[in-house]
Amino acid sequence: MPEQQRTLGAAEVERLVEREYAYGFVTDIETERVPPGLSEDVIRLISEKKEEPQWLLDWRLRAYEIWQGMTEPNWAKVSYPRIDYDEISYYAAPKSAVADGPKSLDDIDPELRRTYEKLGIPLVEQQRLAGVAVDAVFDSVSVATTFKEKLAELGVIFCSFSEAVKEHPDLVRKYLGTVVPHTDNFFASLNSAVFSDGSFVYVPKGVRCPMELSTYFRINASETGQFERTLIIAEEGSYVSYLEGCTAPMRDENQLHAAVVELVALEDARIKYSTVQNWYPGDKNGVGGIYNFVTKRGKCAGARSHISWTQVETGSAITWKYPSCILLGDDSIGEFYSVALTANRQQADTGTKMIHIGKNTKSTIISKGISAGYGQNTYRGQVKVLPGAWNARNFSQCDSLLIGPDSGAHTVPYIDVANPDAQLEHEASTSRIGEDQLFYCRQRGIDPEEAVSLIVNGFARDVLSELPMEFAVEAQKLLGVSLEGAVG
Amino acid sequence: MTPLLQISGLHVEVEGREILRGLDLEIPLGETHAVMGPNGSGKSTLAHVIAGREGYEITRGVIRYGGEDVSELEPEERARKGVFLAFQYPVEIPGVNNTYFLKAAVNEIRKHRSQPELDAVDFLSLMRDRVKLLDFDEDLIKRPVNEGFSGGEKKRNEILQMTVLEPTLAVLDETDSGLDIDALRIVAEGVNRMRSPERSFLVITHYQRLLNHIVPDRVHVLQDGRIVESGGGDLALRLEAEGYGKPAAVPA
């Protein structure tokens with residue numbers, strides 16, 4: 001008798017994908033915030049709080065002016081109620097962190113320290129993550145950065161964005177907005193106007209950064225948005241691997257996170273940028289959760305430069321995010337490795353843009369979308385080859401894994417080639433976790449939840465293997481946890 | 001002594017259609033029994049219902065294993081008690097390393113038996129040992145589970161899993177289908193090496209030829225959802241010669 005083929009029923013899937021969000025707690029801490037609403041005055045206030053130079057305030061105000069004339073993009077395959085930008089507070093910071101200026105690691109508010117310990121990010125320079133330097137961003141400010149001195153010995157600058165504006169204004173001024181201009185898009189312009197903190201990295205010529213750099217973003221305050229900005233500059237022949245992680249409390253309201261990340265890689269430099277995104281995804285019925293509307297772009301400015309984006313997107317109610325590479329330098333390389341998981345009512349519209357400008361430029365796109373419950377997952381990507389990009393190469397692979405009958409996967413690849421010499425390959429597949437795979441695992445003694453996690457991790461393996469070792473295990477667990485059912 | 005497997009009066013429906021219609025079967029510990037039958041007689045249904053697959057509904061009758069009614073147990077619970085099914089169509093799990101998969105399985109079972117989990121080093125040496133014993137290509141254990149395996153490799157992988165998991169009851173569901181004679185011999189040797197007074201086998205097959213290599217203690221003929229005849233090894237030879245044809249007289 002031929003083996004019976006059966007897909008998983010809705011009830012089974014619901015049991016398997018019901019998720020518990022482990023980071024949904026709120027830190028009870030006194031917060032200083034500006035009242036909701038956006039105006040020139042609010043922008044001046046933020047800039048003043050940060051004691052910024054005039055040029056930066058002017059830059060913010062120009063962005064704000066442009067933003068006011070822009071309309072919110074609606075081409076993504078996501079739907080959400082209109083955002084009222086006057087209901088959001090654009091700046092919130094723990095009082096203890098902003099009083100009396102920057103703190104040494106020993107002076108961090110114990111409540112904040114406990115928060116990060118609960119999140120698994122000890123703000124100390126020994127212990128578990130000894131090979132990783134951390135910048136901890138809490139709501140609108142950076143509260144601590146570890147290993148700063150040790151990195152400084154090699155000339156590597158790793159600090160909060162605010163500190164960089166004060167301590168390294170020339171570098172910030174030289175590169176800010178050169179990859180994502182303040183006019184770029186609705187959310188990037190908004191960010192340019194109101195951004196509050198983020199991380200800054202500068203790796204000098206020929207230096208291989210000896211440890212992983214990472215930023216941990218935490219949204220805590222309610223009715224606020226988080227608008228951070230990250231700028232990474234890798235000088236000639238340097239190397240840096242950077243990782244960001246993010247979580248937020250469980251709330252019924254939706255909170256906006258509109259970040260901008262700019263990477264600049266000069267000749268022979270390499271930047272490896274990894275994200276493990278675990279913002280609060282909302283509840284089973286789609287109530288609450290973070291709107292993660294983020295602009296990330298890297299410029300391979302120099303010959304033979306190399307930028308890779310690796311992202312594991314498991315959180316957020318909505319993800320709108322396209323980490324991209326401008327391949328300007330001859331022989332430069334851009335890579336995008338992505339796992340996006342949507343469960344319950346989560347929606348993700350994510351992908352990349354690879355813009356080939358220089359000769360012999362190469363790009364690789366590996367996208368793995370996993371949809372469960374009513375989750376909707378769209379891969380949207382563009383490969384653009386300009387006339388001067390002789391001998392450009394691209395390989396794209398977009399795979400979708402569906403769990404249950406109500407989830408959706410969509411692939412929207414744009415290809416725009418203006419050079420006759422370009423070679424592009426595109427592969428795509430869609431598969432389902434079948435009852436037969438689950439039964440096979442269970443027959444070998446493996447729990448159904450464990451089995452789903454195993455299958456999902458196998459599906460995502462090509463991407464997970466791109467993560468730095470320290471985080472691959474975390475990400476693997478996260479993909480498991482995100483699909484873990486309430487066993488029983 | 002209580003038989004290891006004791007199935008009595010078993011009726012099973014799949015999608016509302018009755019496939020097994022009052023099946024009785026007993027396998028004492030340490031014995032190897034073969035169930036033979038034509039296509040559509042219910043052979044695979046029998047294999048799956050013993051393993052506890054969802055969608056195979058027991059409407060009447062009972063399955064006892066080690067004296068315990070296991071009819072309501074989840075597949076993983078049965079597996080942890082020592083029930084193993086070698087699949088007729090082994091399933092591919094892309095991206096999941098064969099060794100990793102099997103280690104997860106072994107440790108689930110060990111956890112259930114309150115045995116300490118094996119670490120990666122111990123497990124790998126166990127795998128290597130079994131692979132050598134079965135004359136398998138060591139490359140097989142590094143590849144994703146069954147992904148891109150040939151039909152024969154998939155079947156051999158089932159036997160490899162069986163030798164690592166060391167079940168008490170192994171059900172082989174048409175393990176011989178799609179195997180050439182050399183692969184058949186290797187698979188059969190793997191099974192024979194595992195035969196012991198502490199372990200039983202249920203060999204489900206359409207053809208007699210497998211039973212030249214795995215010589216059963218008893219042979220049962222399954223037809224229209226019932227065991228219609230039982231006998232020694234010579235029964236298989238007779239079926240091979242005469243075909244299944246009409247069943248022996250069965251009380252209606």
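Hi everyone. Please keep in mind throughout that the model is predicted.

Let's begin where the chains touch. How many residues of chain B are in contact with chain A? There are 40 on the chain B side, and they meet 25 residues of chain A. Together the two chains bury an area of about 3,000 Å² between them, and carbon and sulfur atoms give 54% of that. On the chain B side, please look for Arg53(B), Glu54(B) and Val91(B): these lose the most area to chain A, together 20% of what that side buries.

Now for the charged and polar pairs. The rule finds six salt bridges across this interface. As for polar contacts, the count between the two chains is 15 residue pairs. Which element of chain B gives the most residues to the side touching chain A? That is helix 3 of chain B, with six residues. Other contributors include helix 1 (43–51), strand 7 (93–97) and helix 5 (151–165) of chain B. If we sort that side of chain B by residue type, we get 23 nonpolar, eight polar and nine charged residues.

Next, let's go inside. In soluble globular proteins, nonpolar side chains tend to be buried together. Here, the largest nonpolar core has 163 residues, and Tyr85(A), Tyr90(A) and Leu256(A) have the most contacts inside it. Helix 6 of chain B, residues 181–194, supplies the largest share of this core, seven residues.

Now a few loops. Ser316(A) sits in the loop between strand 14 (306–313) and strand 15 (318–321) of chain A. Is Ser316(A) buried or exposed? Ser316(A) counts as buried, because its relative accessible area is 0%, and the cut-off for buried is under 20%. Its side chain makes a polar contact with the side chain of Gln277(A), at 2.9 Å. Among the residues that Ser316(A) touches are also Trp279(A), Tyr280(A) and Pro281(A).

Ala76(A) lies in another loop of chain A, between helix 3 (54–68) and strand 2 (92–94). Ala76(A) is buried too, with a relative accessible area of 11%. In sequence, Ala76(A) and Thr319(A) are 243 residues apart, yet their C-alpha atoms are 9.9 Å apart in space. Ala76(A) touches Trp320(A), Tyr322(A), Asp349(A) and Arg380(A), leaving out residues up to four places away in sequence.

For Asn360(A), phi is near 55°. You'll find Asn360(A) in the loop between strand 19 (353–356) and strand 20 (362–372) of chain A, where Asn360(A) is partly exposed at 30% relative accessible area. For Glu15(B), phi is near 50°. Glu15(B) belongs to the loop between strand 1 (5–14) and strand 2 (17–27) of chain B. With a relative accessible area of 66%, Glu15(B) is exposed.

Key. Residues are numbered from 1 along each chain as its sequence is written. Chains are lettered from A and ligands numbered from 1 in the order in which they are written. This is a predicted model: local features need pLDDT of at least 70, side-chain atom pairs count only at pLDDT 80 or more; totals for chains, interfaces and linings use all residues. Side-chain values use heavy atoms; hydrogens and water are left out. Contact means heavy atoms within 4.5 Å. Buried area is the accessible area (1.4 Å probe) that two parts lose on being put together, summed over both. A salt bridge is a side-chain nitrogen of Lys or Arg within 4 Å of a carboxyl oxygen of Asp or Glu. A polar contact is a pair of N or O atoms within 3.5 Å; within protein, one must be able to donate a hydrogen and the other to accept it, and residues adjacent in sequence count only if both atoms are side-chain atoms. Helices (H or I, at least four residues) and strands (E, at least two) are DSSP runs, numbered from the N terminus. Ala, Val, Leu, Ile, Met, Phe, Trp, Tyr, Cys and Pro count as nonpolar, Asp, Glu, Lys and Arg as charged, and the others, Gly among them, as polar. A nonpolar core is a set of buried Ala, Val, Leu, Ile, Met, Phe, Trp, Tyr and Cys residues joined through side-chain atoms within 4.5 Å. Buried means under 20% relative accessible area, exposed over 50%, partly exposed in between (1.4 Å probe, protein chains only).
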